[in-house]
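Student: I'd like to learn how to read a few features of a fold. Can we go through them one at a time?

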Amino acid sequence: MAPAAATIPVGDHIRSSFAGSYRRLPPISRDVLLIAALDEHSATTEILHAAELFAGRPIPHGALSPSAAAALITVSRSDVVFRHPLVRAAVIESEDAERVRAGHHALAVALERSDHRRALTHRAQAAHGTDDILATDLAAAAEECRHRAETTTAIWLMERAAGVTADPGLRGHRQLIAATWAYELGDRRTVDRLLTHARAEPLAPLDQIRAAWLAEIFTGHGTDILALHRDVQLARDSGDLELAWNVLMSIASRCYWTPPDEPTRQLLAATAQALPVAGSEYRLVFALSGIDQVSHTARILAECRRALTREVPDANALRMYAMGAVVVGDALVARTFGDEAERLLRAQGRLGLLPHVLLTRIQADWSIGHWDRARTALDEGRRLAAETNQPTWRNSARLNEARMAALTGSFEHLSQTLAEIDAEALRQGTTSFLPRVQVVRGTALVACGRYENGFDVLRRVFDPQDPLYDPRSTFPAIMFLADAAVHTGRGLLALQLIDGVRRLLGPTPPVDFRVVNAYAGAVLADSEASFLNALEGEAAHWPWVLARLRLAYGTLLRRRRRDADAVPHLQLALAGLSRMGALPWVGQAQQQLRAAGAQTSQPGVVPQQVLNAQELQIATLAATGLTNREIGTQLFLSPRTVGSHLYRIFPKLGITSRGQLTAVLNTTPED
């Protein structure tokens with residue numbers, strides 16, 4: 001359900017043409033055509049019924065014929081179809097506001113028994129002044145649409161309910177509710193507009209809290225955290241648990257980007273665990289993963305895994321589970337939630353939350369080894385974060401781009417980019433970026449063979465005495481720390497640093513840590529038994545770690561002059577690393593294979609290396625059989641733009657048709 005007719009700005013020439021034809025119609029034909037213009041979904045019988053109510057007299061047979069003769073519409077037994085949407089707009093613009101309202105009123109009466117939802121929409125557009133009965137009906141309909149994830153319609157209905165609400169405080173409350181929903185769509189302009197109107201009303205204390213929360217939700221900073229904590233308690237004590245959780249999750253998001261001191265973390269975590277959890281498990285996961293993920297890893301993972309056993313139909317809940325899982329270290333679970341959240345958010349057009357999911361899922365895909373997915377999601381996530389004006393997530397996209405550059409050997413300008421990300425994080429106050437930037441910096445140093453410098457850079461995030469210490473940021477650093485240690489003779493120190501993180505995580509560390517720790521243990525032990533145990537363990541499901549293990553194991557075997565045993569592992573490593581585009585390690589695998597006297601060639605065309613992120617995303621969707629229009633709907637592009645991309649993609653891949661895409665895109669890393 002949406003506004004029955006939207007006025008489209010019509011150019012002077014088209015307006016004069018269509019409006020002139022409309023005005024030359026007989027009066028009764030104009031009445032019928034206006035009714036038809038005000039509801040594009042009405043059947044011919046409904047239009048005629050409403051037109052009788054509007055005109056106050058019977059409608060003669062053939063009343064629509066002059067409009068059809070003027071080529072404004074075509075008429076069938078069931079439908080009235082306008083020649084062009086601009087005809088509909090010109091008809092409405094040609095009438096004064098009073099006749100338009102009267103037309104909506106007639107449609108509301110005519111449709112009341114057959115289609116209450118559409119009738120309610122016309123009641124809203126016919127309203128003039130305040131009408132509390134109508135406002136209550138509109139607000140109830142808005143809530144129903146919200147429950148069905150029809151968010152755009154829900155916002156319109158709630159805003160219209162506010163517009164006909166007599167009580168100023170209730171009017172402001174309804175505007176704030178509509179603004180809350182607009183935030184989920186990433187529609188900052190609508191949020192700001194509704195918030196401005198609401199703040200002009202005498203808001204109740206809870207609505208003042210809601211307004212303050214909305215005012216800072218896009219920026220992630222403003223009110224002091226302890227003051228926000230008091231707002232959570234006030235909302236909880238007043239029985240508004242929805243608001244209490246919303247403000248607490250806003251605090252958690254801020255804590256994730258700018259970690260507070262230990263007493264504040266403990267206070268906030270205790271508050272989160274004291275709020276009623278039933279039905280809000282996803283909120284608890286999000287809150288704890290932002291406030292103090294290391295101390296609450298077991299609880300967060302337990303809630304995520306329980307959620308896997310039941311249906312979670314809400315995209316926002318799935319998003320929070322995905323974020324919680326990736327933060328505490330279960331990339332496989334995070335990807336499961338993230339994929340479903342992405343599907344639903346796309347279907348619902350909730351662009352404000354989509355970059356959160358894409359950029360969260362990227363972290364899981366990098367760790368696992370699905371870099372093709374990471375690349376395509378990164379390009380779109382960066383664009384959406386910019387379009388929806390979310391600077392923190394935009395900086396997150398830049399950090400992921402820098403990580404991609406480090407892993408793929410694109411070192412040019414990387415130092416400058418990392419310095420800019422650091423500076424932006426300091427400007428925004430999002431200090432949690434700093435250790436992550438340090439990890440990317442260390443990764444690049446190790447990737448280009450500067451092991452001494454790489455070890456010194458990486459060790460800082462493992463050292464509790466260092467300002468850059470961050471236990472969670474150590475997970476993607478562990479393999480590179482171990483590599484650097486092997487080349488610099490600091491294996492014992494590396495083991496001590498990694499063991500410090502393991503002790504902090506408790507007796508059951510998350511899978512992300514276990515997988516990279518198995519790699520580090522094998523590399524630092526330098527024994528065949530350690531490598532075989534790691535190869536047969538959880539790393540078997542992680543193509544990135546598996547390829548690195550095979551490279552390291554093959555290198556060990558070759559050093560021991562067992563070239564025949566080394567070559568199969570090195571060839572598998574080369575194939576996997578090539579598919580991912582991990583060029584620094586591709587070079588190492590080729591070097592080892594040459595030393596063993598074996599074939600070192602890579603596969604012919606690697607799509608990840610010849611296509612940019614958006615091209616790869618379009619090619620992947622086209623390979624599944626989607627049309628240009630269907631691809632455009634998913635990616636918010638026009639079919640013409642999709643076709644233009646495909647025209648450039650085919651020669652890059654050395655193919656001539658869509659039918660060849662599936663074969664050439666068969667680049668998913670395998671064992």
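This is a predicted model: local features need pLDDT of at least 70, side-chain atom pairs count only at pLDDT 80 or more; totals for chains, interfaces and linings use all residues.

Student: Which residues touch the most other members of the largest nonpolar core?

Tutor: Trp 544 and Val 545 do, in a core of 176 residues. There's also a second, separate core of 33 residues, with Val 91 and Leu 107 among them.

Student: What is Val 545 in contact with, leaving aside its neighbours within four places in sequence?

Tutor: Ser 367, Met 479, Val 515, Val 516, Tyr 519 and Ala 539.

Student: Now helix packing. How do I read that?

Tutor: Two packed helices are described by the angle between their axes and the distance between the axes. Here, the axes of α17 (residues 297–308) and α18 (residues 315–328) come within 10 Å and cross at roughly 135°. That angle makes α17 oblique to α18, and the crossing is left-handed.

Student: Which residues of α17 and α18 meet?

Tutor: On α17, Thr 297, Ile 300, Leu 301, Glu 303, Cys 304 and Ala 307; on α18, Tyr 321, Gly 324, Ala 325 and Val 328. By class, the contact has seven nonpolar residues, two polar and one charged.

Student: And backbone angles?

Tutor: Most residues other than glycine have a negative phi. Asp 526, though, has a positive phi near 55°. Asp 526 sits in the loop between α28 and α29 and is partly exposed, at 31% relative accessible area.

Student: Where is Arg 561, and is it buried or exposed?

Tutor: Arg 561 is in the loop between α30 and α31 and is exposed, with a relative accessible area of 78%. Its phi is positive too, about 65°.

Notes. Residues are numbered from 1 along each chain as its sequence is written. Side-chain values use heavy atoms; hydrogens and water are left out. A nonpolar core is a set of buried Ala, Val, Leu, Ile, Met, Phe, Trp, Tyr and Cys residues joined through side-chain atoms within 4.5 Å. Buried means under 20% relative accessible area, exposed over 50%, partly exposed in between (1.4 Å probe, protein chains only). Contact means heavy atoms within 4.5 Å. Axes are lines fitted to C-alpha atoms, for helices over the stretch in contact, and angles run from 0 to 180 degrees between N-to-C directions. Helices (H or I, at least four residues) and strands (E, at least two) are DSSP runs, numbered from the N terminus. Angles under 35 degrees count as roughly parallel, over 145 as roughly antiparallel, 65 to 115 as roughly perpendicular and the rest as oblique. A crossing is left-handed if the near helix is turned anticlockwise from the far one by less than a right angle, and right-handed if clockwise. Ala, Val, Leu, Ile, Met, Phe, Trp, Tyr, Cys and Pro count as nonpolar, Asp, Glu, Lys and Arg as charged, and the others, Gly among them, as polar.
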